[in-house]
Amino acid sequence: MNCSGCHGVDAQGRVGPSLIQISDRRSQLHLIQQITSGQTPPMPKFQAQPQEMADLLSYLNKL
Ligand code: HEC
């Protein structure tokens, strides 16, 4: 819901890059920093609870 506007409903990429097989290209730490830092505009920074972040990472790892 938060990500598909820019990364596409199937994670194929739109404004933001495709996230398919992202976990093969980026470390888990990099993904957490990417999601929480807001250092790559226009992607906003997201504040996720630990459980939400864990769920999000496990979703990204399946793409
Ligand atoms: C407003 C648009 C926008 C939204 C919303 C957004 N992103 Fe992004 N995202 C981007 C853009 C643009 C980039 C490329 C940034 C760069 O590298 O300069 C990016 C980059 C990324 C990357 C790094 C990709 C790579 O190849 O290194 C990841 C991972 C990512 N986004 C995940 C997410 C997740 C997960 C969400 C939802 C929680 C999200 N994004 C929401 C626009 C967005």
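This is a predicted model: local features need pLDDT of at least 70, side-chain atom pairs count only at pLDDT 80 or more; totals for chains, interfaces and linings use all residues.
Colleague: Which residues come nearest to the ligand?
Modeller: The shell holds 19 residues around the ligand. By class they divide into twelve nonpolar, six polar and one charged. The nearest are Cys 3, Cys 6, His 7, Arg 26 and Met 43.

Colleague: How far is the polar side-chain atom of His 7 from a nitrogen atom of the ligand?
Modeller: His 7 is among the residues that come nearest to the ligand. A polar contact needs N or O atoms within 3.5 Å. For His 7 and the ligand nitrogen, the distance is 2.7 Å.

Colleague: What space is taken by the ligand?
Modeller: The pocket in question has about 810 Å³ of space. Helices H1, H2, H3 and H4 each give two or more residues to its lining. The ligand takes the space of the largest pocket.

Colleague: How many residues line the largest pocket, and which lie nearest its centre?
Modeller: By class, the lining has 20 nonpolar, eleven polar and three charged residues. The lining comes to 34 residues, and those nearest the centre are Cys 3, His 7, Leu 19, Ile 35 and Met 43.

Colleague: How many helices and strands are there in the chain?
Modeller: From the N terminus on, the elements run α-α-α-α. The count is four helices and zero strands.

Colleague: Why is the chain as compact as a globular protein of that length?
Modeller: The C-alpha atoms fill a box of roughly 25 × 25 × 20 Å along the principal axes. The globule rule gives 11 Å for 63 residues. The chain is as compact as a globular protein of that length because its radius of gyration is close to that value, at 11 Å.

Colleague: Which peptide bond is cis?
Modeller: Most peptide bonds are trans. Here one has omega near 5°. Pro 42, in the loop between H3 and H4, is part of this case. The cis bond runs from Pro 41 to Pro 42.

Colleague: What is the phi of Ala 11?
Modeller: Most residues other than glycine have a negative phi. Ala 11 lies in the loop between H1 and H2. Ala 11 is not a glycine, yet its phi is positive, at about 65°.

Notes. Residues are numbered from 1 along each chain as its sequence is written. Side-chain values use heavy atoms; hydrogens and water are left out. On a 1 Å grid over the protein atoms alone, a cavity is a set of points where a 1.4 Å probe fits but cannot get out, and a pocket is an open set with protein on both sides within 12 Å along at least five of seven lines; lining residues have an atom within 4 Å of a point. Grid points are joined across faces, edges and corners, and a volume is the space filled by probe spheres set on the points. Ala, Val, Leu, Ile, Met, Phe, Trp, Tyr, Cys and Pro count as nonpolar, Asp, Glu, Lys and Arg as charged, and the others, Gly among them, as polar. A residue is near a molecule or strand if one of its heavy atoms lies within 4 Å of it. A polar contact is a pair of N or O atoms within 3.5 Å; within protein, one must be able to donate a hydrogen and the other to accept it, and residues adjacent in sequence count only if both atoms are side-chain atoms. A molecule sits in a cavity or pocket if more than half of its atoms lie within 2 Å of its grid points. The radius of gyration is taken over C-alpha atoms; the globule rule is 2.2 Å times the number of residues to the power 0.38.
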